[in-house]
Amino acid sequence: KEKDDFLFRTVHDLRSPSNTVRLILEKYAKSDFLKRYPELKEDISIIQELDARMLQLVNDLLLVGKGEEAGTLVKKEKVDISLIIQQVLNECSAIAAVKNIKFRYDPPADLPFVAADTGLVSEVVLNLVDNAIKYNKPGGDVIISHAVMNGFLETAIQDTGIGIAPENTDNLFKPYFRGEQSGKIRGTGLGLYIVKRLVEKMNGSVGISSLVGQGTKITFSLPMVTEKG
């Protein structure tokens, strides 16, 4: 417990200097500094890239720590997952627009509530939508749908992107694993690992199906609340 607490606090403290580095680099990149010293443009770009990767890693590790700390503190609320999805799609609309990616989501009016933790569900959906944008093709789609199965509400988030080779799908939920199809796309290999841990803490499960060149569908199931009203 002391080791976990030490690691969590250390990772948390790393975020502040990383953010400061990012802000300073942005100031130099937007000023006349690079006009005076054009030879530094490539170096600053590399530092920005590396700092962004480190900040993403720090944020991912913090989320893992949050999930571990939540152990017995996971809330069991009556959650309307459609509202969370709409909020996440609004937050991600600007990023999706850069690649001309369209969201397709039309939830049924009688969609049941799930018994879950609102904050953790938001983290799960944000992570999956972000992946669906990141690994999609320009002009592609992100399709979100629901199905009711044996007392669970299954939510599917599907992209039309690069897909994952069959031999890699079993490893995707392991920490730091990134498939060969990832190429130069930035990532830490912690996203799906975090999603799986958080969903399981809410007594749910996660699944994946994918075809190389056609896209990937991630599903997560959470227990339903019997009555919505």
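Modeller: Two strands pair if DSSP finds at least two bridges between them; strands (E, at least two residues) and helices (H or I, at least four) are DSSP runs, numbered from the N terminus. This is a predicted model, where local features need pLDDT of at least 70 and side-chain atom pairs count only at pLDDT 80 or more, while totals for chains, interfaces and linings use all residues. Residues are numbered from 1 along each chain as its sequence is written, and side-chain values use heavy atoms, with hydrogens and water left out.

Biologist: Which residue in β7 is the bridge partner of L211?

Modeller: β6 and strand β7 (residues 215-223) pair in the antiparallel sense over seven bridges. The two form a hairpin with three residues between them, and G213 in the turn has a positive phi of about 85 degrees. In β7, the partner of L211 is G215.

Biologist: Is I157 buried or exposed?

Modeller: I157 belongs to strand β5 (residues 152-159). Buried means under 20% relative accessible area, exposed over 50%, and partly exposed in between (1.4 Å probe, protein chains only). The relative accessible area of I157 is 3%, so I157 is buried.

Biologist: Which residues is I157 in contact with, leaving aside its neighbours within four places in sequence?

Modeller: Contact means heavy atoms within 4.5 Å. With those neighbours left aside, I157 is in contact with V125, L128, V129, A132, V142, I143, I144, T216, K217 and I218.

Biologist: How many Å apart are the end C-alpha atoms of helix α5?

Modeller: Helix α5 (residues 118-134) has 17 residues. The expected span of a helix is 1.5 Å times one less than its number of residues. For α5 that span is 24 Å, which agrees with the separation of its end C-alpha atoms, 24 Å.

Biologist: Which residue with a positive phi follows α6?

Modeller: Helix α6 (residues 191-201) has G191, L192, Y193, I194, V195, L198 and V199 buried. After α6, with a positive phi near 65 degrees, comes N203.
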